[in-house]
Structures are given as structure tokens and as C-alpha cells.
Amino acid sequence: MSPSPQLNRRSVLGAGLALAGTGLLTACSGGSAPADAAAGYVSPTGTEVGAAERMRPGGGSVREVKLTATPTTLDLGAGRTVRSWAYGDALPGKEVRVTAGDTLALTLANHLPQPTSVHWHGLALRNDMDGVPGLTQQDIRAGAEFAYRFKVPHPGTYWFHPHSGVQMDRGLYAPLIVEDPKEPLSYDKEWVVVVDDWVDGVDGSTPDAVLAELRQGMGGMGHGMGHDMGDMSSMPGMDHSVPESAAPSAGASTGPSRMMMGAVSELLGGDAGDVAYPYYLVNGRVPEDPGEFTAKPGDRVRIRFVNAGGDTAFRIALGGHEMTVTHTDGYPVTHATTDALLLGMGERYDVLVTVKDGVFPLTALAEGKRRTGLAVLRTGRGAAPAPGVRPKELDGRVLTADRLKPAPDAALAARKPDRTITSKLTGGMMKYDWAFDGRPYDPDRRFDVKAGERVRMEFTNTTSMWHPLHLHGHTFALANGVRKDTAVVLPQQTLAIEFDADNPGQWMIHCHNIYHAETGMMTILGYRNA
């Protein structure tokens, strides 16, 4: 089934303008209005959206938050400071915590030199608060404010970030924790761990300059080898090293080349990533000066992991411990033990750990990129681990979502799909032309659904690269029943998902590699009028 071509161009600026420089993730810019009711489609501001919001569980308190997006200097540790953009002056931004059933009333003040937005990653919220400029809201102009207000229906680990160009690959992200008022888990401490790949402000680099370089593709870079020849990277004698610096890139206005060469991962099906980041961070710190968690031996700790990276999957392990996985993307699973987790961009996992006596590395290996991020668990005396430590657990059991089972109360009820949608993921590094079905993002195209349907979507990855696909406003079931909102599809594989169309509006589907999305691998799920 092909996307419908029926959204008229009055409602959203054309894709050509977005491609011209302000960003596909900002579906339009410069104060443009959100998509009103295109012929036959539910409007983000329509009565159906308001009715769905009234039906959501509520009755909790109103949580009021003030947030400022601003240029700032960030301290990454070990004497490394960078100029970037962030929420306040912290990296990650200050955690927002609410209880399921509360209403979040967050006002964002935009002190950036560009328009921005806030997307609430993983939340099934009202469509006009989803934070996609040009589709669900106006963009927030420089110097302006925007008041987000919506019910938060489901407990879990979520996060928020802009949906405006490549701003997410700066410091504009923060955790959103939704507590369960009937929490079934018992634990002594809770930690939130956000992993990230970092380039902004290092040797003159910016995410926009990285995107400019990547847009040229391998054909325009003068390199002898690239992703489309990735199988050669495993041949004897090939140099797999990650360049710390290089000659200035032909496509970037500032900074050295950041195009990744020779990043290979068996777990990711081959090619691991496009960008050679200079730093890999855990809670905003470089491994030479890691953050530290403290506890008492025997404490039971809940750890909420979030991958806020732009182009990097992370394999995460806590040295000397095994982890018990309890949730992924906010939804409970049948508890499963593992030595390590693999998180694609945008994914979240919750685990329980009973901590031992001593000092232990919490290592986030940049999958296929041969670099690590680090935090430290300290329950007793001892020297801190070395910055590049790689605990043996990284090479033990590595858990991914396809190996889990849903908790009984999280499984979708059995039902035959009313609609099946098929799509191919296309593109490659040679032209850097990532897309759905060979066509880069076009606001006139969408996949049609109707409220009340059980929808099945099948995404076949015809590329040589893995892609973490994210659906806004919904959670879906994998083939094994596990509920997710972001899921990895490996090269030459098909990802099949099912969900109930129970949240009317216009919703993005895109690769959560920010550079793939920004060059075209995104589309719209559009609810038709009844």
C-alpha cells in the first residue's frame, strides 16, 4: 500500500523549502502554521483530538514547568568545555517527573537564534502537543514562548527533544519520567542514565556542518571507500580506527571531517554508523571524568537507560553485575536477565540490579565505533576504573527487544488487522538519499488509517544500514508482542508491527538517526475522517 497523496500544499510548506536548509524534522519553518484539516483528514486541532484527550485517564495534579532553550557553555569534564545549545545550563537537561494521570503544563522560552520545538518521545499524547512544526504546531520563533499542556496517561521512561532540524544532536534533550501510582517494583534507589554521542562545539564542529558534509554523499567526498563498500572494512589489513581529526571537510563550513569510515557491527548487521563523534557521554560526562553513582552493597537499584544519540547504538553493561530487564520504551516485559543491552537511538530500557561491594564501571560501548562512555558505581572503597575499561559483560549475553516477552497486562489483545501497510526503507551513503519507498519526505504523502482500526505495518529495509524507526503518538507490538515506540530494523530484514489506531491526528514515522531523518527518511501516518 502506498502513502496517500491527498494533503494539499496550503497546509504545510513544500518539502523543497525544508530541503533548502531549515530542516526536514521541522516540517516547515519561519512561523508557518500547523497542518489544518486537509481534505478528508483529521486536523491536529480538530474536535476528534480534543475528544480523545478528554477520554484519557486523568484526575492527577497539574505539573507546571518552565524551560528555557538557550546557547550556553557546557562542562563535559576533564577540562573539556563546549559552546552549545541546551535546556538551561545542564547536560542532560533537568529531568521532568510526573505521575501517570497528571497534566503536564510546560512553557518553553526560546532564547536560541533559530526556531525550535519540543517533541515528547514515546508519549501517546494529544496530537497538537506532539511538537512537530508545520505538522502539529507552529514552530517556536526565536524570542518567543510556547505553552505545552497535555495529560500524561502512561507510566514509563520517556524523554524530550526538539523536532527541528538537527538540534537534537546538540544539548537539547532531557529525561521525562512518568511514575506509576501503583508501582509494582520494589527498589532502594533509582538512577536515570542518558547516553549520547557528542560533536557540537568540538574543534569548530556543529551538527549542521556534519549534515552538510553527509549530504554530499560518498561520491562527493573524495574518499576511496565508504559505506556502500562496507564489507571490505573487515578484510585483513584494513584500518578500522576512528579519526580524531582530519582535514576540513569539503561540505562543512567549520570543523574537521566527521564522516565515519569502517564502523562495523555484527549485532547491527554490518554498517554501524555514519558519524565519527569525538566524545561519547554518559549523563553529559566524558569517560576521563565520569559521573559517579553511590549505593550500599546489597541495594536494589532501578536504572532507566535512554539513548539520546544522533547516530550511535550503545551496548551497555555494568561490570561485575547482571541486569534484570523490566521495561522497554515504558512498557513492562516479562523479567529477563542479561549481561548487556543494545540500545538504538531513541530506545529506552529499565533494569533492576542488586549491587555488590566495590567500585564498578558502567560502560556504554559505541557499537561498531570502538569508543566508550563511562559512569562509575561506587558502593565501597577502591580506585576508579580506567576511562577505556571494557567489562567482560559487554561480550556476554546481549539483549535486544526481539528476545523479550511482554508482561501479560502489556500485550495487545489478539485481533486480525483491518489494514496492512507495506513500505521499503531505501537509500545509501553514496548519495545520502535515505527515504521511504525511494521518495524523500514530502508533506503531501502519508499512510492512511482510520480510528478504531488494528493496523499492521511492514517495513522492509533494502539498505545496507540499520535504522531505528520511531512512530509518534502510539506504541506498537513487535512480532513477539513486546510493546515499543522505537524499534531497530536490520539491513535486508523486515520489521512487522501492529497497533490500534486510537489517537487521532497526523503523526510522524521516521528513522531516529537524526541525519537519515533530516535527509528524507520520514513520512506521516494520517488519520482519515470518519
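**Cavity, pocket and side chains**

Modeller: The largest share of the lining of the largest cavity, 3 residues, comes from S27. This is a predicted model.

Colleague: Which strands each supply at least two residues of the lining of the largest cavity?

Modeller: The lining of the largest cavity consists of Phe459, Leu469, His470, Leu471, Phe476, Leu495, Ile497 and Ile509. Strand S31 runs over residues 494-500, and strand S27 over 467-471. The strands that each give at least two lining residues are S27 and S31.

Colleague: What volume does the largest cavity have?

Modeller: The structure holds 4 cavities of 30 Å³ or more. For the largest cavity the volume is about 50 Å³.

Colleague: How much space lies in the largest pocket, and which element gives the most to its lining?

Modeller: The largest pocket holds about 710 Å³ of space. Its lining has 37 residues, and those closest to the centre are His154, Pro155, Tyr331, Asp409 and Arg483. Two or more lining residues come from each of helix H2 (47-55), strand S8 (174-179), strand S14 (300-307), strand S16 (323-328), S17 and S31. The element that gives the most, with 4 residues, is S17.

Colleague: Where is Tyr331 placed, and is Tyr331 buried or exposed?

Modeller: Tyr331 is in strand S17, which covers residues 331-338. Buried means under 20% relative accessible area. Tyr331 has 12% relative accessibility, so Tyr331 counts as buried.

Colleague: What separates the C-alpha atoms of Tyr331 and His154?

Modeller: Leaving out residues up to four places away in sequence, Tyr331 touches His154, Tyr158, Thr326, Ala410, Thr475 and Arg483. Tyr331 and His154 are 177 residues apart along the chain. The separation of their C-alpha atoms is 8.6 Å.

Colleague: Which side chain makes a polar contact with the side chain of Glu367?

Modeller: Glu367 lies in the loop between strand S20 (359-366) and strand S21 (371-378). At 3% relative accessibility, Glu367 counts as buried. Beyond residues up to four places away in sequence, the residues touched by Glu367 include Ser265, Leu267, Thr312, Phe314 and Arg315. The polar contact, at 2.9 Å, is with the side chain of Arg315.

Colleague: How many aromatic pairs are there, and why is the pair of Tyr432 and Trp434 edge-to-face?

Modeller: Rings pair if their centres lie within 6.5 Å, and planes over 60 degrees apart count as edge-to-face. By this rule the count is 10 aromatic pairs. The ring centres of Tyr432 and Trp434 are 5.7 Å apart and the planes are at 85°, so the pair is edge-to-face. Both Tyr432 and Trp434 are buried.

Colleague: Which residues do ring pairs link into a cluster?

Modeller: Ring pairs do join aromatic residues into a cluster. Its members are Tyr87, Trp120, Phe146, Tyr148, Phe150 and Phe160.

Colleague: Over which rings do Arg170 and Arg446 lie?

Modeller: The charged end of Arg170 is 3.9 Å from the centre of the ring of Trp85 and sits over that ring. For Arg446 the distance to the ring centre is 5.0 Å, and the ring whose face Arg446 lies over is that of Tyr41.

Colleague: Which peptide bond is cis, with omega near -10°?

Modeller: Pro92 is in the loop between strand S2 (80-87) and strand S3 (96-99). The cis bond runs from Leu91 to Pro92.

Colleague: What is phi for Asp203 and for Gln492?

Modeller: Asp203 is in the loop between strand S9 (189-198) and helix H3 (207-215), and Gln492 is in the loop between strand S30 (486-489) and strand S31. Asp203 is exposed, with a relative accessible area of 54%, and Gln492 counts as exposed at 54% relative accessibility. Neither is a glycine, yet phi is positive: near 55° for Asp203 and about 60° for Gln492.

Colleague: What percentage of the residues of the protein count as buried?

Modeller: The secondary structure comes to 4 helices and 33 strands. Among contacts between residues at least 6 apart in sequence, 76% join residues at least 24 apart. Of the 530 residues, the share that counts as buried is 62%.

Key:
Residues are numbered from 1 along each chain as its sequence is written. This is a predicted model: local features need pLDDT of at least 70, side-chain atom pairs count only at pLDDT 80 or more; totals for chains, interfaces and linings use all residues. Side-chain values use heavy atoms; hydrogens and water are left out. Rings of Phe, Tyr and Trp (its six-membered ring) pair if their centres lie within 6.5 Å; planes under 30 degrees apart count as stacked, over 60 as edge-to-face and the rest as tilted. Buried means under 20% relative accessible area, exposed over 50%, partly exposed in between (1.4 Å probe, protein chains only). A charge sits over a ring if NZ of Lys or CZ of Arg is within 6 Å of the ring centre and within 35 degrees of the ring normal. Contact means heavy atoms within 4.5 Å. A polar contact is a pair of N or O atoms within 3.5 Å; within protein, one must be able to donate a hydrogen and the other to accept it, and residues adjacent in sequence count only if both atoms are side-chain atoms. On a 1 Å grid over the protein atoms alone, a cavity is a set of points where a 1.4 Å probe fits but cannot get out, and a pocket is an open set with protein on both sides within 12 Å along at least five of seven lines; lining residues have an atom within 4 Å of a point. Grid points are joined across faces, edges and corners, and a volume is the space filled by probe spheres set on the points.
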